Amino acid sequence: MSRKDTEIEASSAPLIEHLIELRTRLMWSIGGFLLAFIFCFFFAKQIFNFLVVPYQTATMWAGVHNKQVELIYTAPQEFFFTQVKIAAFGGFFLAFPLIATQIYKFVAPGLYREEKGAFLPFLVATPLLFLLGAALVYYFFTPMVMWFFLSMEQTGTGGQAAIQLLPRVSEYLSLIMTLIFAFGLVFQLPVVATLLVRAGITSSVGLAEKRKYAIVLAFIAAAILTPPDPLSQIGLALPTILLYEVSIIAARMIERKRAQRQRESEAQAES
């Protein structure tokens, strides 16, 4: 065997090991998701009833709490596929800690000790911030949006036609999932900003200088991610702007700690 062939074989060995490691992590992640998917599909109706609670809250806000909350489906397979979507959404949410752990185990060997210490808090902060955004949607914004739509109902009196809201199960699920996804994504802004600051890509000064552009982008993102009603769009844009300010504060804290560590290391070097 020639020297060139030996070098090629030596360089391909780590690649094969990485591919085997990647396959193992993918199998764990997919297996965890499938188990969570089956579990959520088994309880899909109960989960859907739980997601209907904000709609019931909206009927109380609108003063029509005596009205029975009704949702319909107009195709035989519609509610079945709605349950599949619930299972997929809930399965990914339940399996996320396992998936995140597998990602960390795959990339951890290539990280320094300080990088591992910096990476771990974000694995914890990401699902917590997503949960915070989802809770805000569930307890406030979805009832507010449904109240807005319920306020358009019309009673059939005085020669007027009766107009009532009868949402389809798939459309209601799409609405609440869109809101949860949008708010959960927006609530990751402090995580993304602090990662960029740690990587040296941006700074607190740079974030502060781009504040006016961030405000415009917040309203554009809200118009894209939320249903076409002003309440949900403003409701997403305002927390986004607030989280951007939180990101600036977090960036300043990181920079102060970095400067303090640098001063301490310089003092030790001088001594």
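Which helix holds Q102? Q102 sits in helix α3.

## Model and conventions

This is a predicted model, in which local features need pLDDT of at least 70, side-chain atom pairs count only at pLDDT 80 or more, and totals for chains, interfaces and linings use all residues. Residues are numbered from 1 along each chain as its sequence is written, and side-chain values use heavy atoms, with hydrogens and water left out.

## Overall fold

The chain has nine helices and zero strands. Helices (H or I, at least four residues) and strands (E, at least two) are DSSP runs, numbered from the N terminus. In sequence order the pattern reads α-α-α-α-α-α-α-α-α.

Of the 271 residues, 32% count as buried. Buried means under 20% relative accessible area, exposed means over 50%, and partly exposed lies in between (1.4 Å probe, protein chains only). The accessible surface of the chain is about 17,200 Å², with 68% of it belonging to carbon and sulfur atoms. Areas come from the Shrake-Rupley method with a 1.4 Å probe; for residues, only the protein chains shown count as cover. Contact means heavy atoms within 4.5 Å. Among contacts between residues at least 6 apart in sequence, 79% join residues at least 24 apart.

## Buried positions

Q102 counts as buried because its relative accessibility is 5%. Leaving out residues up to four places away in sequence, Q102 touches R25, W28 and S29.

S204 lies in helix α7 (residues 204–209). S204 is buried, at a relative accessible area of 5%. Beyond its neighbours within four places in sequence, S204 contacts I248, A251, R252 and E255.

L243 belongs to helix α9. Its relative accessible area is 11%, so L243 is buried. Outside the four places on either side in sequence, L243 meets V186, F187, L189 and P190. L243 and P190 are 53 residues apart in sequence, yet 6.5 Å apart in space, C-alpha to C-alpha.

## Salt bridges

Side chains of opposite charge can pair when their charged atoms come close. Here a salt bridge is a side-chain nitrogen of Lys or Arg within 4 Å of a carboxyl oxygen of Asp or Glu. The count is four.

E21 pairs with R25, with the closest N and O atoms 2.8 Å apart. Both lie in helix α1, four residues apart, about one turn of the helix. E21 is partly exposed at 27% relative accessibility, whereas R25 is buried at 18%.

R211 and E245 meet at 2.6 Å, N to O. This pair links distant parts of the chain: R211 is in helix α8 (residues 211–225) and E245 in helix α9, 34 residues apart. R211 is partly exposed at 30%, and E245 is partly exposed at 26%. Shared partners join E78, R168 and E171 into one salt-bridge network. Within it, R168 bridges to E171, the closest N and O atoms being 3.4 Å apart.

## Surface patches

Patches consist of residues with over 30% relative accessible area and no salt bridge: like charges are joined within 9 Å, nonpolar side chains (Val, Leu, Ile, Met, Phe, Trp, Tyr) within 5 Å. A nonpolar patch of about 770 Å² is made by L15, L19, L22, L26, I30, L34, I103, F106 and V107. Helices α1 (3–42) and α3 (78–107) each supply at least two of its residues. The most come from α1, with six.

R198, K257, R258 and R261 form a positive patch. Lys and Arg count as positive and Asp and Glu as negative; His and the chain ends are not counted. A charge is placed at NZ of Lys, CZ of Arg, CG of Asp or CD of Glu. Helix α9 (residues 230–270) gives the largest share of this patch, three residues. R258 is partly exposed, with a relative accessible area of 33%.
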